[in-house]
Amino acid sequence: MPGELVERVTSVIAKTQHIPPESVTIDSTFQELNIDSLDGINILFALESEFDVDIPDDAAKQIRSVREMVDGIGKLLAAKEAAQQETPQDK
Amino acid sequence: MTRRVAVTGIGVISALGSARPAFFEALESGISGIRPMTLVPEGSLRFPNAAEVPAYDPANYFEERDAGFLDRFAQFALIAAREAVGDAGISFDPSLAENTAIVTGSCVGGKTTEDAGFRSLYEQKNSRFPPLMIPKVMANAGASRISLEYGITGPVYTVSTACSSANHAIGQAFWLVRNGSAEVAIAGGSEAPFSLGLLKSWEALRVISPNTCRPFSRDRQGLILGEGAAMLVLEPMDRARARGTRIWGELAGFGMSSDAHHITQPSANGAARAMRAALADAGVAPEAVGYINAHGTGTPANDPTEVEAIRSVFGPHAEKLMVSSTKSMHGHTLGAAGALEAAATLMALHEGIIPPTANFSEPDPACDLDVVPNTARRARAECALSNSFAFGGLNAVLAFRSVI
């Protein structure tokens, strides 16, 4: 799990929740951070903007911790990169 | 003064058709009006389906000039009111007009007009604005237009409490007639929420189903937005009996509460308190209730919370209740929802046909009541409740009694 990705995700969560960045770690659960369902979708919105990805509703519903969030974003970024490489350059 | 209140007129325009008979027929057949959306460009949203009024053409109802003065939501309000007033067979002479109230509900008002106007300003940089914007967008446009149509000069107003708007409106109108402040009332709700801006906002909230609305089903994935209007005509029971008109049912009680819990999460406690308040207001024992038209949005959060609330109010009698969500057929029409559902509840009481929960595919142990899955049922209920629980934690419940 790349440190830079973890750093960016935790920093978005801290900023959205208005809590100190050091209080958000890779092992934090949403429950520990007092993130309810509405906070959760606010964070998804902030992460979509930060990483320029679309987080599907289905995937979003499963996420309960920072680690799951970082994993999910990592997968979306990988898929985005793969899609960009497949796009023919001469088009 | 306390009078019994009869419902003597019903008008409905919805995804299930442009008038009440089509609405009742669809509810009885368990046919859903949820279809691919046509009012916004295809592919602009993560969810493709909605409950739109099919093939709606204002020219069928209004002179061209008139239609231009009215946003779609106000057109729906007037269409439903015309049907309800015609159904009740009431004509408003000056004395009655002065003693008639109109109370309507709307969550978002003239949103499509507003959206189009703002786009012309922001995108096309038009510095001149259509002058009808303000009177078309205001949430009371429907109520005011009904008042103009019939020359009704009594208390006329609109309440906006998100998804509970229509129930709050009908409840207020009911109390006006019951306590003698009005002789007749036209009450209900209307909504036309299909502007791209508003739909994108719903998308961001992540509560809209990507396919259909399956209330109480284990595989439910959220709500489906709908549009339309329903209006009721309310009058004292004695007056209705004296003129020998059809009585759809008695509006017997109204209860409200606020959760003070969370801006979007539901609360079983708040919902239960509103149901208890409606029963108490009606003087109806829980055991007399046979049917509940549930709020039943089909979101993961609402349905089990509502079932928990029903269980806490009804105890062991909950096992005998029929509980269905007609949002599975007419969609979630927001500020009109309570009005459409009051019409469905009155159908259940008057016709002895309990509308089903359509699109039901799989029982959920967390929603283990008799949800009348997929097929309407011939059954008589003495009393019925119709639940509305709004974002913002505002709950409004109507109690009806069968009059046959």
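Two residues are in contact if their C-beta atoms, placed from the backbone, lie within 7 Å. This is a predicted model, in which local features need pLDDT of at least 70, side-chain atom pairs count only at pLDDT 80 or more, and totals for chains, interfaces and linings use all residues. Residues are numbered from 1 along each chain as its sequence is written, while chains are lettered from A and ligands numbered from 1 in the order in which they are written.

Start with G255(B). Leaving aside neighbours within four places in sequence, G255(B) is in contact with A274(B), M275(B), R276(B), A277(B), A278(B), D281(B) and V397(B). G255(B) lies in strand β8 (residues 249-258) of chain B. Helices (H or I, at least four residues) and strands (E, at least two) are DSSP runs, numbered from the N terminus.

Is G255(B) buried or exposed? G255(B) is buried, because 22 other C-beta atoms lie within 10 Å. The cut-offs are 20 or more other C-beta atoms within 10 Å for buried, 12 or fewer for exposed, and in between for partly exposed. From G255(B) to F24(B), the C-alpha atoms are separated by 26 Å, and the two residues are 231 apart along the chain.

## Two helices in chain B

F24(B) belongs to helix α1 of chain B. The axes of α1 (residues 20-29) and α14 (residues 337-351) of chain B come within 11 Å and cross at roughly 70 degrees. That makes α1(B) roughly perpendicular to α14(B). Axes are lines fitted to C-alpha atoms, for helices over the stretch in contact, and angles run from 0 to 180 degrees between N-to-C directions. Angles under 35 degrees count as roughly parallel, over 145 as roughly antiparallel, 65 to 115 as roughly perpendicular and the rest as oblique.

On the α1(B) side, R20(B), F23(B), F24(B) and L27(B) take part; they meet A343(B), A344(B) and M347(B) in α14(B). By class, this contact has six nonpolar, no polar and one charged residues. Ala, Val, Leu, Ile, Met, Phe, Trp, Tyr, Cys and Pro count as nonpolar, Asp, Glu, Lys and Arg as charged, and the others, Gly among them, as polar.

## Chain A: helices

Chain A has four helices and zero strands. Its C-alpha trace spans about 50 × 25 × 20 Å along the principal axes. Of the 91 residues in chain A, 18% are buried. Among contacts in chain A with a separation of 6 or more, 56% join residues 24 or more positions apart.

The axes of α1(A) and α2(A) come within 9 Å and cross at roughly 130 degrees. That makes α1(A) oblique to α2(A). In α1(A), R8(A), V9(A), V12(A), I13(A), T16(A) and Q17(A) meet D39(A), N42(A), I43(A), A46(A), L47(A) and E50(A) in α2(A). This contact has six nonpolar, three polar and three charged residues.

## Where the chains touch

Seven residues of chain A are in contact with eight residues of chain B. On the chain A side, the elements that give two or more residues are α2 (37-51) and α3 (57-62). α2(A) gives the most, with four residues. By class, this side of chain A has four nonpolar, one polar and two charged residues.

## Confidence

pLDDT is the predictor's confidence in each residue, from 0 to 100. The mean for chain A is 90, and 93% of its residues reach 70 or more. Within chain A, confidence is lowest in α3(A), at a mean of 85, and highest in α1 (residues 3-17), at 94.
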